[in-house]
Every structure is written in C-alpha cells, then in structure tokens.
Amino acid sequence: MKWLTILIVLAAAPFPKGDHSPFTLIVRRPEALQPLPFGAVRPEGWLESQVRANLRGFTGHLDSLAPNLIIKDDIYGRDRLTKNVKKKDVGALAGGDSAAEVQYLWWNSETQGNWRDGFIRSAILSGDPEMLARARAWIRRLLATQDNDGYLGIYDRDLRYRFDGENGELWAKTTLLRGLLAWYEYTRDHKVLIAVQGAVDDVMRHYPSGASHPFYSKTPDVGGLSHGLMFTDVLESLFRLTGQTVYLNYALFLYKDFSAANLHEDAQYDKITDTAYALRGHGVHTYEHLRAVAAAAYASGNPALLKALDDYLHKIGQEITPSGAPAGDEWIGERQGNATKTGYEYCSLHELMDGYIDLMGKTGSAAFGDQAEQLFFNAAQGARDPDASCIAYLKTDNSYYMTGGLNGDSSNPRQTRYKYSPVHQDVAVCCVPNAGRIAPYFIDRMWMRNSSGLVATLLGPCKVTTTWKGTPLTIREKTVYPDEFSFDFQVLTDRAVIFTLAVRKPAWATGQSISYSYTEKEGYYLITRTWRPGETVHIRLYADIVIHRDRNNDVYFTNGPLVLASQIDATAEIRKRYPLAGFFDYYYRPDNPVIYSYKGGAIEHSGNSRFEVTLYDTVRRRPAHIWLKPMGETILRQVTFPETSAAP
Ligand SMILES: [Zn+2]
C-alpha cells in the first residue's frame, strides 16, 4: 500500500529536473488521521488504574526518590550549564570517568524533562486536583526561566548553540517542550504556546535552516546530540497546532543535517538505504529516530525518503521479539531480536510504540495499531512489576532470573539493569521517566479523527470528548479489553449527529458481531448513521488461539493481542530500601527453574482467561499440563518453547 502512495506522489509531483537529492521538498504529504488535543481521550478501567497507580508510585514520587537529579539540580533555571561546570551528579555509570562526566552534563535535563512530561500527562488524564496543581506550579516556574530572546534550555550564554561535539541543546528542549505542549493542549493557555514558539524560533534563528550544522561533531559517538534529532516531535506538534509549514521544513532540514554528520547512528539516510547495513546503534536512539525519519519523509513528500521510511521499518522488524519489544540492551550490535538473549530497554519500548502510533496517524494503516497494542500490552506491561511500583530497565521475553545480569548472568557486577526498581539510579534514570510516559501516549492516540468522523485507533476502556460539526460529543468505550474482546461504544450528545464511527479491526480478529450495520474497509469497521443521544453499538470480536513460530523456530502462543506465558513462580529479594515508605528495588529468583519444550497438541481455553497446554518438562523428562497466562501479568516466565518431536 505504501508503494502505491509513493507512486501517487511521483505522478503528482515529479522530481525537479536533475534534482535527485532525497531531501528535496517536493510536496508535503498530509497525515491520514488527525490527533485530538491531549486530554480529549481519558482512560477508564484498567488504563485509568494504571495511570493513577503510577502517580501514587514512581511517576508521582520520582523527584523525592532521586532528589539530586531533580530537586537539587535546577538545570533549566539557576543551575544552567556554563563553561565552569566540569562535573555534576548525574547519578549514573559515568562516575569516575571525567570525560564521560563532561559528556553527560545534560543528563539531568532528560531525566527531568521526560519525567515531567509523563507527570503532566498523567495529572491531566487522572484529573487529580493535587497533581494538576503540582504540574501548574512547575510550568509557571519553568516559563519564568525563559530569556527575553525566547531561550529555554540548559546552557548559559557562554555555551549555547556553540558546540563541536556532544551537547544537550536540542534534546533538553525536546523533553521539556513535549510536556509544555501537552499542557497547552489541555489548558489552551496561550502563554504556554507562545513560550514554546519563542523557544523554537530562537533555535531556528541560531541554527538557520540550510546555513548551519546543528549535528556537527568532531567525534562520532554522541548521546544528547543525536537524541536532539527528536526536536522533530516538537516541530510536528507545532505544525499541527498552528498550520505553519516552516516547522515541518525545519524538521526536514534537521534530518538532512543529521544524515550528513559524522555520527554512529542507524537512522542516517545512507545507512538506512544500505541494504547490507544491519542496525547496531544505541537502541533507544535507533527506535526514537523512526519518528524523525517519518517526519522528514512526510514533510518532503520525497519518494526517496518515503522509501527510506519503509526500509527503516523493515530493518526494525528484524529486531522485534514475540512481545513486540525491540532488541537493544543498550546496544543493538547487529543482532536480531531473540526472546532469551537480547534484552530490551524500557526507554525503547516507549519510543518505538510512539513511533508506531505516529505512523498510524500518518498512514492510517491499521497494522501500526496492531504493533502498538502488541508492544504495549505484552512487552510494556510485562516489564512492570505487577505488585509493586517499579519496572525493569532491561527485560527479555523469556525471563528466568531478574538478578542484575541477563537471565542470571553474574559475570559483570556492574550490570544491574535486569532488576525491578522505581529509579534505577545505579545505571541511569531514563527508563522510569519513560515508564510514566508510555500509558499516557497510548491513551492519547486511542482516538483520532478524519474527514468523515471519529476513529477508534487503539482499543481499550476510555472516553473521548470532542465536537463533531459543532455538536459536543462524548463516546464511551466500555470494555475490559484486552482481557476480553467485547466493546460497547456509547455515543453521548444532546442532539442527533451524523458521522462515521470507525473502529480498527485487529489483524488477529477471525470474525465479529456488530449490533448495527457496518462496512469493512482497509482494516476498519465503519458504522455511518445518525447517532441519537445515548445510543450504543455493541462489537464483539472473535479470535483463535494461535501457535506462532519466532525467527528461531521456537513456538509461542497468542490469544488476540495477548502473548501467553508459562509463569515461573519466584521469590523476591529486597535489594534497596528508599527513604520514602513503600519503595524498593527487587531481585527475583525462580523457585523451581524448569524449561519446557513443546511437542505439538492443542491449547485449551477455559473460562477466566486461563489456557491449558501440554508441554514437556525437560528436567524431569515428562509431559506437564501447564496453565498459561498473559505475559503482561508476569515477572519470571517462559514465552517461547523449543519444539521437540518425539516422546522419550
Ligand atoms: Zn532507559
């Protein structure tokens, strides 16, 4: 389908004669679906519980759990970096290495910016007055740090926009401005939008398009500098809010300059289009940069960039494990995703999911919704502790030990990422902030709109409030999805209103019953009618339990969007106690480590979400009846099963 769209672009707007640069602006491609302002979609049911639990837990308390990185470092304000700052507590592995310390001076801005973004969005989605007051107070304080020329950021005048290597200029702004824009969309407080536009204008003045090199670096290994490509997130949001194409054109310029720079980064154009080049970079960069490639491709409408976007998705596809997670522990290292061997970072889970939902909006393709749900319901839920407010920094689909190293490996005492923590300050406080962002970003794009109506793009319990042709409208989606596949969509209005309700049809659905007449088109159910106040359409989807094979030919099982796992009972060990009551780091060890294989045979679904399958106990050498459960509810587990052919 994307090839078709590329051909359409070619027919409509050929390359300017003789210009074969992939970065030439041909004609902007409009996005298929439009997002709603942040806060228009509110979570209900388990999604609301998760957002509230995060606010009671690590998202609501990260500043107190890591005060040195947040409360004590006013990095956007009085503690802006100057030439005189050579060292600061970034609470990370850089400790002891002075070059690394200078390199990572920006780090607390990422911690703070991403944490605030998740906090602001969670406060809005929960409607909790105390949390909203905290968000409002912080935004007021942050806006007060803006200089008269518009500068918002972490550098004093002696440093800003003047770098020949690692820096956090654009990245510190990106993490900050994403949260400010969510607040603006929710409050419509114009001061916030003006502040963001002022900060972006300041960037465009100091790094003029086509006449500067924001990604120039004397050395190719950088962190904050290449994270800074995600300034395209801010630019795309500003375009959607203002309609000014200057922001999109600047996103195209940034991607062009990034591609030309001497950097070790997978998303550079020449590497994407080199079919022999396998992904090897820092995973979180590689996956977040998908959105920047997409932004440049859509800003330019250039067929070469649109093809590069497809090529990049293909390469990323090689990294995906059954849970939907992308390999990268922290590096990808030219390995393909493997359910046991390639860990995935929580940051990457958030960034890739956000890439999928961005592409769902751009292309309208329902398949991106399937990918976002697969990742969010399985990998992301499956790296949260179901009983305590903490997450795994690194996790694998098959998770046999969570004792610091990969599946019990203890050879590197500094490897502590495979554990559950509300902070992970012994490594880096990057994943916990992102664990507070992922649910709000998922919820935000559960509904989008197009010219004929509203589109339920990601499924789950929620409520969307908007207007349709001037008529205020709320749609409640009542469901316990993904635990069950039945939905009531109730349309609440004061008067009858005509529109098309589109509901994404998941690729796994084998059938459906829908209480109103509908049509099916390109992965969506379409119900067009005059909706009377309070009317409800009931949708039930049907699924088979499917036996899949991963790229190692091991077997795994799914029920609808849920990947099933054999849970391994585990004993928790508290590794660290925080001064704040109720917060701990945990290791988990298996009570009875057994690896099962699969010899064929049916899997049976009993009631209450339980699935029974006969597996083979490779320790005791005998068949075993095993109950499977959704992997998102587990800590230690086996997800993929090697196949053995003959009985002993
Ligand atoms: Zn991380």
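Trainee: What should I know before I start reading residue numbers?

Mentor: This is a predicted model, in which local features need pLDDT of at least 70 and side-chain atom pairs count only at pLDDT 80 or more, while totals for chains, interfaces and linings use all residues. Residues are numbered from 1 along each chain as its sequence is written, and side-chain values use heavy atoms, with hydrogens and water left out.

Trainee: How many bridges link strand 11 and strand 12?

Mentor: Strand 11 (residues 462–468) and strand 12 (residues 471–478) are joined in the antiparallel sense by seven bridges, and Trp468 stands opposite Thr471 in strand 12. In the loop between these two strands you will find Lys469, whose phi is near 50°, a positive value in a residue other than glycine.

Trainee: Is Lys469 buried or exposed?

Mentor: Lys469 is exposed, with a relative accessible area of 70%. Buried means under 20% relative accessible area, exposed means over 50%, and partly exposed is in between, using a 1.4 Å probe and protein chains only.

Trainee: Where else does a residue other than glycine have a positive phi?

Mentor: Asn553 has a phi near 70° and is found in the loop between strand 19 (545–549) and strand 20 (555–559). With a relative accessible area of 47%, Asn553 is partly exposed.

Trainee: What about the sheet with mixed pairing?

Mentor: Its six strands form an open sheet in the order 1-9-10-14-17-16. Strand 1 (34–35) and strand 16 (519–521) stand at the edges with a single partner strand each, so one side of each lacks a neighbour in the sheet. Within it, strand 9 (residues 447–450) and strand 10 (residues 453–456) pair in the antiparallel sense over four bridges, and the bridge partner of Met448 is Val455 in strand 10.

Trainee: How covered is strand 23?

Mentor: Strand 23 (residues 584–590) is mostly covered, with six of its seven residues buried. It pairs with strand 22 (residues 570–577) in the antiparallel sense over seven bridges, and Ile574 stands opposite Tyr586 in strand 23. The hairpin of these strands has six residues between them, and there Gly582 takes a positive phi near 90°.

Trainee: Switching to helices: at what angle do helix 7 and helix 10 pack?

Mentor: Helix 7 (residues 169–187) and helix 10 (residues 231–242) pack at about 30°, with their axes 8 Å apart. The two are therefore roughly parallel to each other, since angles under 35 degrees count as roughly parallel, over 145 as roughly antiparallel, 65 to 115 as roughly perpendicular and the rest as oblique.

Trainee: Which residues meet there?

Mentor: Among them are Leu170, Leu177 and Leu181 in helix 7, and Phe231, Val234 and Leu238 in helix 10, with contact meaning heavy atoms within 4.5 Å.

Trainee: How many disulfides are there?

Mentor: Zero were found in a search of the whole structure, a disulfide being a pair of cysteine sulfur atoms within 2.5 Å. For Cys390, the nearest cysteine sulfur is that of Cys431, 13 Å away. Cys390 is buried, with a relative accessible area of 2%, and Cys431 is buried as well, at 1%.

Trainee: Last one: where are the cis peptide bonds?

Mentor: One joins Asp329 and Glu330, with omega about 5°, and Glu330 lies in the loop between helix 14 (303–317) and strand 3 (344–345). Another joins Tyr481 and Pro482, with omega about 10°, and Pro482 lies in the loop between strand 12 and strand 13 (486–492).

Notes. Two strands pair if DSSP finds at least two bridges between them. Axes are lines fitted to C-alpha atoms, for helices over the stretch in contact, and angles run from 0 to 180 degrees between N-to-C directions.
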